[in-house]
Amino acid sequence: MNAPHAPDEPLHRIRHSLAHVLAQAVLEYRPGSTLGFGPPVADGFYYDFILSEPISEEDFPELEKRMKHILKRNQRFEREELPRDEAMARLSGMQEPYKREYAEELFEKKSLSTLTFYRSGAFLDMCDGPHVESTKDIPRGCFKLRSVAGAYWRGDSRNVMMTRLYAWAFESEEVLEAHVKAYHEALARDHKKLGKELELFVIDEQVGKGLPLWLPNGTVIRDELERLAKELEFKAGYHRVATPHLTKAGLYYQTGHLPYYKDHIYPIMELKEQTESGEVVREAYCLKPMNCPHHHRIFAARKRSYRELPLRLAEYGQVYRFEDSGALSGLLRVRGMCMNDAHIYCTEENLKREFLAVMELHKQLYEILGLTDYYMRFSTWDPDDPKGKSKYVDDPVAWEKSQCFIREAMVESGLPFREVKGEAAFYGPKIDVQFRTVTGREETASTNQLDFAVPQRMNLSYVGADNQEHRPYIIHRAPLGTHERFVAFLIEHYGGAFPTWLAPTQVRILVVADRFLDYARALEEDLRISMVRVEVDASGERINKAIRNASTAKIPNVLVLGEREVEERGVTLRRYGVEEQEAMPYEAFKARLLKTIESRSRGFVAAPSTCS
RNA sequence: GCUGGUGUAGCUCAAUUGGCAGAGCAGCUGAUUUGUAAUCAGCAGGUUAAGGGUUCAAGUCCCUUCAUCAGCUCCA
């Protein structure tokens, strides 16, 4: 995935300067509005405002017109650096309370001595730059207003909600148009759209938002993915376990999750009992928001020896998290999800090798699925975070040590990663795998965390060679994240045209006329007992229509049967997205098909060699 | 949860701005039996998301709720 642009790149300057032009246009159009932040972002820029009067997308043509007028004026961007007192005095005169608040913070916390302003025409903004020299350096027609949305001041939901205007901006009109076109084409691959068209899943109002129902077609994809992960995990020495959806709430007090996680746990169910002194709560249960505590209890089910470490417990575990309703989105963010979860209990000596093995598992999975467009994000703690004490487990030595293990393992794995300070889980550092959706949103698919805190809280231990009790380390890992989100990625990745091994229907058999249906049924039966997902199109539609239907359904392999095929016990194969059809004996087709499925090939493999 | 959109048949969308709810696809029935991307005809399909209000009259205007989309926040 592309890294963000460096600040001194020309495109970055253009975007940053256009943000000022937008702000200038907005202040002309809605006098009395105040400014928030307006930075460049991946595909363009945005600017946040408190507007004196609302702006909707209907106002975009007018705003764009005003921006273009400003560009024509050849305004220069002039940099001014003012000492603290002068800067604050100027900000007070500007009626920009949010800029002033930020300036105060810069002086206090970052102990800056001066503040930078940029003036372009009548517009003055507190801004660090850099900018283009003049608006004439901004290519004509290189931007387009995109959307209007709400955004909290400084990203904090306790703050005021501002209006954010997003725009696309590129180095030229051609690049902009190509990008906008590509964006609209990409929307055809949106998992919500394809999920409906291909009947993969539905989200039913009566069942509840964020609680997807997996239709037969979608369930096939889940099952195949699960089978793949189980195979690789078995080979990597994992043991499978199974745990219930419901659990006593007290467990999460013990792990320490509750204070950090309370808002995301469904309301606790209390079993009450009437007594003489009134109603008392006998038991409190919750839907489990994560599988870890249960696996930890399995670890603690008996005394553990260092000889059985590392112990790797794996489960495709269903969990429920109460996400904000506004955050829900198709399969990408749901409230009920099934995690490709596992916990590895190990010694400090095991740690690096186990983490490497987890990374190796990622490589294998992503290689088979053909995924290349992702990056690994290494999230560490931030000892200087003002919320540090409440946000993270307080154990600086353990933080440094465990981060060191991960860093070494990552370097050794050869996988590129990017370090982000302050994004760690409360109990330890983590490696997340980030993907981008068709709409350009970045999402975490896989998450892998090192945990040195929970073993202590849950009092987990093993007996070492020295006959003493020791604390294990835990690696939490979920290379496929959740079925929900991962299947969403795969739908978009393949554009709904799944490779044969994943495809809900692997083979559809069409007949030129109904009298060939007997032959079709015979092949269907033979393929089905070989575990192939096959179906016969007995709709009686003309062959053209039947082919069109199979193609619309993105079925990878279509067989066309008629007089010739029946006579020769052959088939004519039509592959999705391939123009030419191919005639071959049925047995040859079957052998190649089975090989394609077994090898999880993304193409259609050649016939296996008959000689040994 | 917050800001701003949207909600009409299973799906994609109309309805001349307040005046008789409609089309294509899908579905069902019948005819056709066709060799590589849409055969023809008929039928059926709706409390216009739900509830309330304004009006002679509401899919259309107003209010509440629900769902959904784009963001913010959060996270798999």
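**How far does a polar side-chain atom of Arg-515 lie from a phosphate oxygen of RNA strand B?** The distance is 3.3 Å in this predicted model. Local features here need pLDDT of at least 70, side-chain atom pairs count only at pLDDT 80 or more, and totals for chains, interfaces and linings use all residues. Residues are numbered from 1 along each chain as its sequence is written, chains are lettered from A and ligands numbered from 1 in the order in which they are written, and side-chain values use heavy atoms, with hydrogens and water left out.

View 1. Take a look at Arg-548, where a side-chain N or O atom sits 2.6 Å from a base nitrogen of RNA strand B.

**View 2. The protein surface near RNA strand B (a heavy atom within 4 Å).** Helix α17 gives the most, six residues. Of the RNA atoms within 4 Å of the protein, 49% belong to sugar or phosphate and the rest to bases.

**View 3. Helices α3 (residues 84–93) and α4 (residues 97–109).** Their axes (lines fitted to C-alpha atoms over the stretch in contact, with angles from 0 to 180 degrees between N-to-C directions) come within 9 Å and cross at roughly 165°. That makes α3 roughly antiparallel to α4 (an angle over 145 degrees). Helices are DSSP runs of H or I, at least four residues, numbered from the N terminus.

Notes. Helix = DSSP H or I, 4+ residues; strand = E, 2+ residues; numbered from the N terminus. Parallel < 35°, antiparallel > 145°, perpendicular 65-115°, else oblique. Polar contact = N/O pair within 3.5 Å; in protein donor to acceptor, adjacent residues only side chain to side chain.
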